[in-house]
Amino acid sequence: MCPQARPSQEDLDRLMQRLRPRIAGLLASRNVSPEEAERLVGEALIEIAFRWSRMHDRAGWLLKTLDKKTRPETTEEESAP
Amino acid sequence: MSPMRDDGRRPDYTPAFDRAEEGVRRRFARHTEELDAAASLAVDLLAAPEAGREELLRQPRFRALGLCDLLLERCREAWTEKPARAVELAVLATEVAGRLDAAHYGAGIVEDARARTWGHLANACRIGSDLRRAEEALATAWEHHRKAGEDAYTEAEILSFEGSLRNSQGQFEEAVRLFDRALAIYREGRDRHREGRTLIKKGMARGDGGRLKEAIRLLRRGLSAIDTAEEPRLEVVARHNLILYLHESGDSREALAVLERSRRLYEVLGEPLHRARLRWVEGKIFRDLDRLEEAEVSLGEARAAFLERGIAFDAALVSLDLAMVHARRGNTGKVQRLAAEMLPIFESRDVRSEALAALVLLRGAVDTERVSLEILEHLSGQLRRA
């Protein structure tokens with residue numbers, strides 16, 4: 001099936017409802033404040049909405065993006081062998 | 001401020017998620033309106049004379065991501081049959097993307113759109129045989145991709161365009177390496193259709209590089225993975241190359257069997273040029289199966305179709321195949337006439353020295369009216385490698 005060109009409001013709501021517990025777990029584990037969470041989730045959702053037709057694993061993309069954006073910077077000492 | 005509550009439990013993100021979703025709802029509603037308006041913007045833009053387009057593009061309503069996406073879609077539709085039109089559409093898309101407002105869409109989205117438009121321009125130029133311009137456009141695409149934050153899907157798309165460019169440049173191993181990187185992204189994203197499409201491209205790189213058995217395996221895997229409803233013409237291209245490689249690997253009977261199973265597909269979905277290429281490969285298969293009368297008919301039709309569209313080089317290559325059929329049937333007059341017609345077309349192209357030597361040989365044979373099957377076969381082999 002050809003992926004639809006743009007999401008409906010229900011599509012976005014369904015995706016977010018399904019992922020809320022996992023996103024909350026991820027953000028809490030990274031000590032992300034609710035204010036920062038609002039910004040990060042808003043940005044990721046708008047990106048997914050714009051790229052809807054080009055993405056098949058949208059849930060995976062959303063989780064991966066948030067994981068990447070909240071990953072702590074690796075210090076030189078941590079990355080040294 | 002630490003997100004952890006005083007009681008040590010996880011903070012309540014519910015109000016933050018609600019507000020985020022509400023913000024997206026408002027922004028995306030505007031984008032949906034914009035997508036609806038994109039079709040009429042595209043009509044206005046494409047109907048305007050070149051000089052008037054610049055003026056239109058300066059108007060705020062044309063600074064729309066929806067218009068950019070629509071132009072890319074039209075570009076993809078055009079690039080097989082009308083490469084010059086595809087280049088024109090891709091250029092317009094880069095101009096629209098270049099004017100998108102980062103404050104409105106977000107810098108990442110805007111840079112990503114620019115990366116995609118330059119990638120499309122690179123691919124359209126490659127199809128139109130302007131490899132130098134394709135290379136330059138590709139470098140710009142990568143630059144914008146890095147600024148965009150490196151979206152994986154855009155990366156896979158640009159990798160795939162670059163793979164096709166390397167293949168056109170004869171760098172088959174590099175093409176395969178790039179397609180493998182794109183494949184890894186599509187597999188991770190569980191995007192089976194794009195994985196299949198990339199397998200087909202990799203198969204074509206292997207086939208063009210002379211590794212026919214591997215090419216056949218890859219094309220078969222790609223064909224089983226693609227969603228033909230999503231990109232129907234891709235199946236025609238894949239099947240055509242499968243038939244060609246089966247034939248070139250010496251399995252003309254299997255090639256003919258696949259061709260017969262694909263004939264309806266060419267008729268329903270194929271463009272006129274696809275059908276001309278079907279006649280061409282069919283003629284070659286008939287020739288190698290000693291069905292010379294049928295070969296003559298198929299090749300004659302293919303040649304006429306290419307001539308009608310002014311595609312002189314392909315018409316000359318078909319003439320070479322047709323001349324070999326006439327030579328086998330002992331029609332020396334027809335061989336002589338075809339050889340004299342195709343020779344100046346081959347001579348006008350930049351070809352490798354070995355192919356050039358074969359052309360000199362043919363020139364001598366035409367002048368002395370001694371064109372033989374051996375000379376034609378030798379030239380055919382050299383041109384295939386050129």
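**Entry 1**

I looked up which residues of α1(A) meet α1(B), and I found Gln9(A), Leu12(A), Met16(A) and Arg20(A) facing Phe17(B), Glu21(B), Val24(B) and Arg25(B), where a contact needs C-beta atoms, placed from the backbone, within 7 Å. Helices here are DSSP runs of H or I with at least four residues, strands are runs of E with at least two, and both are numbered from the N terminus. This is a predicted model, in which I take local features only at pLDDT of at least 70 and side-chain atom pairs only at pLDDT 80 or more, while totals for chains, interfaces and linings use all residues. Residues are numbered from 1 along each chain as its sequence is written, and chains are lettered from A and ligands numbered from 1 in the order in which they are written.

By class, I noted four nonpolar, one polar and three charged residues in the contact of α1(A) with α1(B); Ala, Val, Leu, Ile, Met, Phe, Trp, Tyr, Cys and Pro count as nonpolar, Asp, Glu, Lys and Arg as charged, and the others, Gly among them, as polar.

**Entry 2: geometry of the pair**

I then checked the axes of α1(A) and α1(B), which come within 11 Å and cross at roughly 160°; axes are lines fitted to C-alpha atoms, for helices over the stretch in contact, and angles run from 0 to 180 degrees between N-to-C directions. The two helices are therefore roughly antiparallel to each other, a label given to angles over 145 degrees.

**Entry 3: the wider interface**

I looked up the contact between the chains and found 31 residues of chain B in contact with 30 residues of chain A. On the side of chain B that touches chain A, α1 (14-47) and α6 (107-127) each supply at least two residues, and the largest share, 14 residues, comes from α1(B). By class, that side of chain B has 15 nonpolar, seven polar and nine charged residues.

**Entry 4: chain B overall**

I recorded 19 helices and zero strands in chain B, and a C-alpha trace that spans about 95 × 50 × 40 Å along its principal axes.

**Entry 5: confidence in chain A**

I read a mean pLDDT of 79 for chain A, with 80% of its residues at 70 or more; pLDDT is the predictor's confidence in each residue, from 0 to 100. Among the elements of chain A, helix α1 (residues 9-29) has the highest mean pLDDT (90) and helix α4 (residues 76-79) the lowest (42). Over residues 75-81 of chain A the pLDDT is below 50, and I noted that this stretch has one contact in the model beyond near neighbours in sequence.

Definitions and conventions:
Contact = placed C-beta atoms within 7 Å. Parallel < 35°, antiparallel > 145°, perpendicular 65-115°, else oblique.
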